[in-house]
Amino acid sequence: MPPVPPAPFRPPLWWLSRGLRRPRLLCTQSALYGAPAPRRNREAKQKRLREKRAALEAGLTEQTEKKGNRALPWSWPAVCHGQFRSGPSSASTDVSAPLPPAYSPRYVEAAWYPWWVREGFFKPEYQERLPQATGETFSMCIPPPNVTGSLHIGHALTVAVQDALVRWHRMRGDRVLWVPGSDHAGIATQAVVEKQLWRERGVRRHELGREDFLREVWRWKEATLTSLLDLITELGVRIYLQTSGCELYREAVTDLVSTFQVESRPLQGRTELRLPGCLTSVSFGLLVSVAFPVDGEPDAEVVVGTTRPETLPGDVAVAVHPDDSRYTHLHGRQLRHPLTGQLLPLITDTAVQPQMGTGAVKVTPGHSPVDAEMGVRHGLSPLSVIAEDGTMTSLCGDWLQGLHRFVAREKIVCALRERGLFRGLQEHPMVLPICSRSGDVVEYLLKSQWFVRCQEMGDRAAKAVESGALELWPSFHQKSWQRWFAHIGDWCVSRQLWWGHQIPAYLVVGECVEGDEECWVVGQSEAEARERAAEQTGRPGAELTLERDPDVLDTWFSSALFPFSALGWPQQTADLARFYPLSLMETGSDLLMFWVGRMVMLGTQLTGQLPFSKVLLHSMVRDRQGRKMSKSLGNVLDPRDIINGVELQVLQAKLRDGNLDPGELAIAAAAQKKDFPHGIPECGTDALRFSLCSHGILGGDLHLCVSEVLSFRHFCNKIWNALRFILSALGDSFVPLPTEELSPSSPMDAWILSRLALTAQECERGFLTRELSHVTHALYHFWLHSLCDVYLEAVKPELSRAPCPPGPPQVLFSCADVGLRLLAPLMPFLAEELWQRLPPRLDGSPAPSICVAPYPSACSLEPWRQPELERCFSRVQEAVQVLRALRATYQLTKARPQVLLQSTNPGEQRLFQPFLEPLGTLSHCGAVGLLPPDAAAPSGWAQAPLGDTIQIYMELQGLVDPQSQLPRLAARRQKLQKQFDSLLARPSSEGVVARQQKLASLRLELSKLDQAACHLQQLLDGAPGVREL
């Protein structure tokens, strides 16, 4: 997967050395951390804001009148007042205006990326000058997507994981280089361009010629590569743009097509398929039985079954198992070919399965990989009876020559019937190889190919993992690695294409070596090859005629060189010395052998060292039903559609523009309409990245659904509103204290700082172990459940007091500053937008961007950790949940009832003492007091237990109407009782565990309703309240 699509082949193995320039620092600042801009006059700022809003309203009204309201039912307004940004200019990153009232991905993600690039934050030289610079290097290369420009959600997963790791290392102060690339995708690209030429100009590539065709491919590549890079940058990813040792040999063997281009379609029986070039449908899944007469015995025959009768002319033997007693008497005999009458040997081979069919198989080495291996074992010469264009060759005779292979199939079956050698036709399950590019049935043909001997390189790769020099994570992939390299064969690197790196091998026409073998030479250029040919033949080079092999190298061969060739190899460049070997290789688990294994083989062979020491493999992305994403299923997700949102009509139009046949199109369109009836909502880049990184690599395949991404979009909005509240609470005159001087003034302040320190610890552990799901979980829990749901609500009464105590604002600032820096590697746009609006600290020069600000370390925040305080407050949170449940039971919506806590354990009662005010605030209750352990329970108050030692009492007198509440509770109880009785009457054998859990839950709910009804009845009967006691 080279960094750019291939030009005509350069010297062996170093054509990728060009195209990447040495990094240069392009920073527009006079110093690394410039001085903060002076504070602007607030009145002038508000005036500019009012003028901007007025202009926006006028423009928005005009736009709406022209286009009409096209918003989707689920969507938010695409643009809100004050949410336009003019573009990638210096003004577009101005954060002097107040935050808009609602989070908008389009607003947040509009301008930061060009600014990051312009300021040079991603250059390794810039990172070397950071105050937190570690002097360490982190280098990685992106698994290059196909230059066809069609990125899917799997590519988004790869770049989201890699970019998060890269940003974290950059914020730590490491010198980071992330090398990009694009796969020239030989088969896919050539197929696409050929179809385009035929559709638009009615021209085949052979009519154009190789040079003109390659010019067309280059033109197409330039257009699609631009689209590809645009999408990668839309994901917030910033990547830094800028034959020795391998023995090739050539011999005639069967060319096996990569499984990435072949779909193995299982057939249960007779199946009719419409294939390219066939006027009528072709039947598959049928077993034809053919008799091979035994020579010299008129009544003896061997019956062979085949699903491919068109290959009968290529049969060179019949094979049976040596231990099959049915054919022991025929060992060494000869059989008559049913079509030609030629004599064929009956051979014995242990690869034959005697229990399958008649136990006898025909041997066709020219058109079967298995038969080719058997032919080598027995010295059988292969016959090629099907040509590259799918027609029968002259070896079949005049009666078949030139016929399409499937037309010849019918003619051969008719000939067998006429000769009395047809023995039956029956349905037979089989696996049919279908080309994923053309939709045609794959035919195995005999070709002369170039191979790479892999045994020695494979042994080194296996030992690298076994010794621990190469670490695979998750570790369960080690078994697959060792198994693959234990059985590795020679690697076919020839591809019969025009688009790709042409093999640098030249045939010396008319010359032979070692008998009758053709004379081949390899050179970095034709001139070098001619010199070698002259040395080998002893003749002057000018007298020799050289013909270059028209084949190109396998894409995986090119991509295996990527980690070092992109850094300048074979030249000993400064980049190669600084950044090679790479620190990490992160890619999909499906590429472990196809790409990672081959990079390791060629890297160790050509550079003498492993290309990387660690490999991180992520899972495959599937839809929410666990299905593989496929165009024919209509479940393929384009990352741009999730980021920007798309209407159902546009999704359906994309399907129609594809290559699906009418039947597949109908199925895909129906599935798409079911999954996305209103289209896909706008979720934004940050939400998509966070969602993709939230899945653990050890959890199997990743099941992604749009609703999950949308929930993280809501999470972004939660963070947005939290910062609006915090900025409002800080005010214009706020000056943050240095971190080391911050001291919590209340138990709640201490608790949230402890939670923040714990979050930093979890994030650091997650990045170090590369378990990004741990990072996302820690951040989600802190921002949503600790900061927004608890601390911000608990601190509101303190912030409303006059004068406001100085402690909470300082704590709020620290939570925002540290929390956003923790979030930045995963949500870079949102974190930058909000962090830029925080007032700068006075201790030292502030970082110009959050992407180069120091990442919070667990060690620096350790003084804030108070695990015992967190344990105590967890009991307070349990009490909050109990009180909220009581309020819901009695439908107390606006009332703020008094609360009493009573514990038989004095130490536990003291635990609640510091948190009584936050307990009342968070539970939406009034004053909270402590009842002595020996005091009587207040009569007429709602009561609920908290564990075995605590009772919670909530005032009801004067706050509820028993006469209206009792009938409601009775109706609710009757409904639950019916559910309980129905579940109890079911057979106990049906879902025992789930049934018992449901019964226990219903019993608890019924008990709570009975207790609530009892309390209400006491109120109705005039029982005295606690105020009278």
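## Close-up views of the predicted model

**View 1. An open sheet of four strands shows mixed pairing in the order β28-β27-β30-β29.** The edge strands, each of which pairs on one side only, are β28 (928-931) and β29 (942-946), and from one strand to the next the twist averages 25°. This is a predicted model, in which local features need pLDDT of at least 70 and side-chain atom pairs count only at pLDDT 80 or more, whereas totals for chains, interfaces and linings use all residues. Residues are numbered from 1 along each chain as its sequence is written, and side-chain values use heavy atoms, with hydrogens and water left out. Strands (E, at least two residues) and helices (H or I, at least four) are DSSP runs numbered from the N terminus, and two strands pair if DSSP finds at least two bridges between them. Contact here means heavy atoms within 4.5 Å, while axes are lines fitted to C-alpha atoms, for helices over the stretch in contact, with angles running from 0 to 180 degrees between N-to-C directions.

**View 2. Strand β2 (residues 175-179) is largely enclosed by the rest of the structure, because five of its five residues are buried.** Buried means under 20% relative accessible area, exposed means over 50%, and partly exposed lies in between (1.4 Å probe, protein chains only). In a regular strand the side chains alternate between the two faces of the sheet. Both faces of β2 are covered, with Arg-175, Leu-177 and Val-179 buried on one side and Val-176 and Trp-178 buried on the other. Strand β1 (residues 137-141) runs parallel to β2 and is joined to it by five bridges, and Ser-139 has Leu-177 of β2 as its bridge partner.

**View 3. Helix α25 (residues 807-823) is largely enclosed by the rest of the structure, since 17 of its 17 residues are buried.** From its first C-alpha to its last, α25 reaches 24 Å, close to the 24 Å expected at 1.5 Å a residue, where the expected span is 1.5 Å times one less than the number of residues.

**View 4. Asp-549 lies in the loop between β21 (546-548) and β22 (552-553).** Asp-549 counts as buried at 2% relative accessibility, and its side chain reaches the backbone nitrogen of Asp-551 at 2.8 Å.

View 5. Most residues other than glycine have a negative phi, and most peptide bonds are trans.

**View 6. Positive phi values occur at Arg-770 and at Gln-891, neither of which is a glycine.** Arg-770, with phi of about 60°, lies in the loop between α23 (747-769) and α24 (772-799) and is buried, with a relative accessible area of 18%. Gln-891, with phi near 55°, is found in the loop between α28 and β27 and counts as partly exposed at 44% relative accessibility.

Notes. Polar contact = N/O pair within 3.5 Å; in protein donor to acceptor, adjacent residues only side chain to side chain.
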